[in-house]
Amino acid sequence: MLYIIVDGFFGDTGKGKVAAYLALADKPALCVRTGAPNAGHTVTLDGQQHVLRSLPTCFVNPGTKLAVAPGALIKIDVFLSEVERYGRGRSYLDFQTGVIEERHVEAERRDEYLMKVVGSTGQGVGAAMVDRVLRRLRLARDFEELKPYLADVPAMIHEHRPSGVVIEGTQGTFLSLYHGTYPYVTSRDVTASGMLSEAGVGPKAVDEVVLVFKAYVTRVGGGPLPGELPPEEAEKRGWVERGAVTGRPRRVAPFNMELARRAVLLNTPTQIAITKIDALFREAAGKTRWADLPPEARRWVEEVEEQLKVPVTLIGTGPEPRHMVDLRKEKGR
Ligand code: IMP
Ligand code: MG
């Protein structure tokens with residue numbers, strides 16, 4: 001079984017939490033992270049928040065192997081400290097994973113257009129991607145200290161597929177270099193097909209494409225955000241968030257069906273996950289059964305499903321991975 005997890009908005013929809021839930025519920029043999037350390041995936045365990053920038057949040061299952069895709073990028077210090085903390089003895093890097101160096105970070109932070117207009121996280125990801133395209137980026141295989149982790153990640157995906165593989169996306173559909181709100185986007189295609197190319201697996205090997213939406217929309221950095229609310233209104237609704245990597249306050253808007261429809265068109269999901277439903281319906285907090293959700297929340301989810309014509313199978317009701325209503329069986333997935 002091969003699952004891929006894609007973000008349907010501008011990042012920060014809770015992919016990390018969805019991946020962590022699947023890791024605990026399905027016990028996949030392998031989880032692969034795409035993307036780069038500009039993205040922080042948050043998982044909360046027993047009230048403590050963990051932000052992962054290189055390894056997949058599936059680390060919550062100690063039996064799952066953790067790998068980084070060939071098309072992904074790492075910063076060596078961030079990767080090694082995450083291995084130490086979350087993935088000792090079960091972390092792998094592809095030979096061809098790209099490495100971000102200090103000069104990439106410096107180049108990006110000097111770039112006023114990127115920092116001020118686009119609102120880059122300044123992690124050197126775009127500058128490293130430029131070097132990759134110009135064929136001068138150094139890869140994981142070029143660094144002595146990374147030797148113990150090197151592996152053929154596409155071969156691992158192929159080998160472990162019968163016992164479960166989860167591929168974790170980064171950022172969100174509308175930050176895609178090709179399909180997003182250019183130029184207010186990140187430096188890679190973060191849609192389902194981009195992720196597959198990064199990981200080294202073809203579309204026919206995928207069993208389930210989970211598209212993740214949050215019950216409201218957030219965005220950090222520049223670019224359009226339809227229906228954007230003033231910060232006071234966001235606060236009143238309890239929708240205030242900060243960037244996991246940069247600490248910047250996130251811009252906020254209500255759930256947007258038009259964007260969601262476009263995300264469905266771009267990613268061809270087989271199922272939809274909706275996180276933070278408790279932010280819209282407080283009585284939903286912590287519930288794990290459909291029947292225990294308040295009727296307004298159930299109606300809201302049914303409306304999303306009807307509009308998007310894709311089953312909503314996973315509904316997040318709180319910060320911990322176990323705060324999830326899982327309807328996959330009921331809906332035949
Ligand atoms: P960069 O990819 O760091 O250059 O940032 C480009 C744009 O993508 C900026 O608007 C960032 O705020 C946004 N961005 C990058 N990574 C993330 C993320 O993980 N979550 C949300 N927005 C992100
Ligand atoms: Mg994030």
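Helix α1 is mostly covered, with nine of its 12 residues buried. Buried means under 20% relative accessible area, exposed over 50%, and partly exposed in between (1.4 Å probe, protein chains only). Helices (H or I, at least four residues) and strands (E, at least two) are DSSP runs, numbered from the N terminus. This is a predicted model: local features need pLDDT of at least 70, side-chain atom pairs count only at pLDDT 80 or more, and totals for chains, interfaces and linings use all residues. Side-chain values use heavy atoms, with hydrogens and water left out.

**Helix α1**
- The buried residues of α1 include K15, G16, K17 and V18.

- D12 is partly exposed at 24% relative accessibility.
- G40 is buried, at 13% relative accessible area.

**Nonpolar cores**
- The largest nonpolar core has 88 residues, of which I4, I157 and I167 touch the most other members. Such a core is a set of buried Ala, Val, Leu, Ile, Met, Phe, Trp, Tyr and Cys residues joined through side-chain atoms within 4.5 Å.
- Apart from it lies another core of nine residues, among them L73, V125, A128 and L137.

**Salt bridges**
- The whole structure holds 21 salt bridges. Each is a side-chain nitrogen of Lys or Arg within 4 Å of a carboxyl oxygen of Asp or Glu.
- K116 and E112 meet in one of them (3.9 Å, N to O). Both lie in helix α4 (residues 112–118), four residues apart, about one turn of the helix. K116 is exposed at 64% relative accessibility; E112 is exposed at 55% relative accessible area.
- R333 pairs with E208, with the closest N and O atoms 3.1 Å apart. The pair links distant parts of the chain, 125 residues apart. R333 is partly exposed at 37% relative accessible area, and E208 is buried at 5%.
- K214 pairs with E241, with the closest N and O atoms 3.0 Å apart. Both residues, K214 and E241, are buried.
- Salt bridges that share partners join D12, K214, E241, R250 and K276 into one network.

Conventions. Residues are numbered from 1 along each chain as its sequence is written. Chains are lettered from A and ligands numbered from 1 in the order in which they are written.
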